[in-house]
Amino acid sequence: AYDSTLRDRLARHHADVDNAFWQWNDVWLSDAFRRFDIRDECAGIATPLMLVQGRQDEYGTLEQLRAIERAVPHAMTLEID
């Protein structure tokens, strides 16, 4: 549910919520991650590529898929309700 806290949502997937959060947080805010971009690498993929993401994903956006689709026009996308 969207009215639950981040801690509650993370607890569904992680035994050690604090550790999971801080590892994610530290990477997300690092200088190296700020420059992280796989679109150029994706553009070189010649084999079939399927992008899968839930429409209600709590941590990612469908715009991430759109960016890869622009880089890899032959990619197929599956959005899951």
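**Group meeting: a predicted protein model**

Isoleucine 80 is found in strand 2, residues 76-80, where helices (H or I, at least four residues) and strands (E, at least two) are DSSP runs, numbered from the N terminus. Residues are numbered from 1 along each chain as its sequence is written. What I present is a predicted model, in which local features need pLDDT of at least 70, side-chain atom pairs count only at pLDDT 80 or more, and totals for chains, interfaces and linings use all residues; side-chain values use heavy atoms, with hydrogens and water left out.

Let me stay with isoleucine 80 for a moment. Its relative accessible area is 41%, so the residue is classed as partly exposed; the classes are buried under 20% relative accessible area, exposed over 50%, and partly exposed in between, with a 1.4 Å probe and protein chains only. Not counting residues up to four places away in sequence, isoleucine 80 touches Val52, Gln53, Gly54 and Arg55, a contact being heavy atoms within 4.5 Å. Histidine 14 is 66 residues from isoleucine 80 in sequence, and their C-alpha atoms are 23 Å apart in space.

I turn now to the overall architecture. The protein has five helices and two strands, and along the sequence they follow the pattern α-α-α-α-β-α-β. The radius of gyration is 15 Å, well over the 12 Å that the globule rule gives for 81 residues, so the protein is more spread out than a compact globule. That radius is taken over C-alpha atoms, and the rule is 2.2 Å times the number of residues to the power 0.38. Along the principal axes, the C-alpha atoms fill a box of roughly 40 × 35 × 20 Å.

How much of the protein is buried? Buried residues make up 19% of the 81 residues. Among contacts with a separation of 6 or more, 55% are between residues 24 or more positions apart.

Next, the core. In soluble globular proteins, nonpolar side chains tend to be buried together. Here the largest nonpolar core has seven residues: Cys42, Leu49, Leu51, Leu65, Ile68, Val72 and Ala75. Such a core is a set of buried Ala, Val, Leu, Ile, Met, Phe, Trp, Tyr and Cys residues joined through side-chain atoms within 4.5 Å. Leucine 65, one of these core residues, touches Leu51, Gln53 and Thr77, again leaving out residues up to four places away in sequence.

Leucine 62 belongs to helix 5, residues 62-71. With a relative accessible area of 23%, leucine 62 is partly exposed. Which residues does leucine 62 contact, leaving aside its neighbours within four places in sequence? They are Gln53, Gly54, Arg55 and Glu79. Valine 52 lies ten residues from leucine 62 in sequence and 9.6 Å from it in space, C-alpha to C-alpha.

Two further positions deserve mention. Glycine 44 sits in the loop between helix 4 (39-43) and strand 1 (50-54). Is glycine 44 buried or exposed? Its relative accessibility is 61%, so glycine 44 counts as exposed. Between glycine 44 and threonine 61, 17 residues apart in sequence, the C-alpha distance is 23 Å.

Aspartate 26 lies in helix 2, residues 17-28, and is partly exposed at a relative accessible area of 48%. The C-alpha atoms of aspartate 26 and alanine 15 are separated by 19 Å, with the two residues eleven apart along the chain.
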